[in-house]
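Please look over the sequence and the structure shown below before reading on. The briefing that follows takes up surface, fold and aromatic rings in turn.

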Amino acid sequence: QVQLVESGGDLVQPGGSLRLTCQASGFTFSSYYMYWLRQAPGKGLEWVSYINTGGGAGYYADSVKGRFTVSRDNDKNTLYLQMNSLTSEDTAIYYCAKAVRPNYHSRVNYDYWGQGTQVTVSS
């Protein structure tokens with residue numbers, strides 16, 4: 001039974017930081033690329049970041065490049081997203097997702113999702 005459980009979302013002021021965590025189970029975590037996705041109010045689903053199987057290469061959407069850092073600990077089956085210099089545009093529900101294929105950004109590439117964690121950036 002594949003499970004992905006996100007945590008770490010919170011209310012934070014502009015310029016603040018948060019670290020999101022995704023705890024995975026039920027599959028061979030180290031064999032799959034993993035994604036962070038988000039959906040902001042009134043907007044569609046957006047990929048934020050993804051990471052290769054070994055954790056040595058992270059990739060970022062232009063909107064978060066330079067501010068967010070993705071990482072993983074395969075020994076703990078855990079995915080992380082460090083978010084710095086947050087703005088109101090980062091307000092969204094954040095999801096982690098297991099990728100079917102590497103480097104393919106589409107809803108059909110995410111066969112399992114977590115329940116999401118809410119990030120709200122407001123003064």
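The chain exposes about 6300 Å², of which carbon and sulfur atoms supply 44%, with accessible areas coming from the Shrake-Rupley method with a 1.4 Å probe, where for residues only the protein chains shown count as cover. This is a predicted model, in which local features need pLDDT of at least 70 and side-chain atom pairs count only at pLDDT 80 or more, while totals for chains, interfaces and linings use all residues. Residues are numbered from 1 along each chain as its sequence is written, and side-chain values use heavy atoms, leaving out hydrogens and water.

- Of the 123 residues of the chain, 41% count as buried (buried means under 20% relative accessible area, exposed over 50%, and partly exposed in between, with a 1.4 Å probe and protein chains only).

**Fold**

- The chain has eleven strands and zero helices, where strands (E, at least two residues) and helices (H or I, at least four) are DSSP runs numbered from the N terminus.
- Taken along the principal axes, the C-alpha atoms of the chain fill a box of roughly 40 × 25 × 25 Å.

**Aromatic rings**

- The structure holds nine aromatic pairs, meaning rings of Phe, Tyr and Trp (its six-membered ring) with centres within 6.5 Å, whose planes count as stacked under 30 degrees apart, edge-to-face over 60 and tilted for the rest.
- Phe-27 and Phe-29 form a tilted pair, 6.2 Å centre to centre with 55° between the planes.
- Phe-27 is buried, with a relative accessible area of 14%, and Phe-29 is buried, with 2%.
- One aromatic cluster is formed by Tyr-33, Tyr-35, Trp-47, Tyr-50, Tyr-59, Tyr-95, Tyr-110 and Trp-113.
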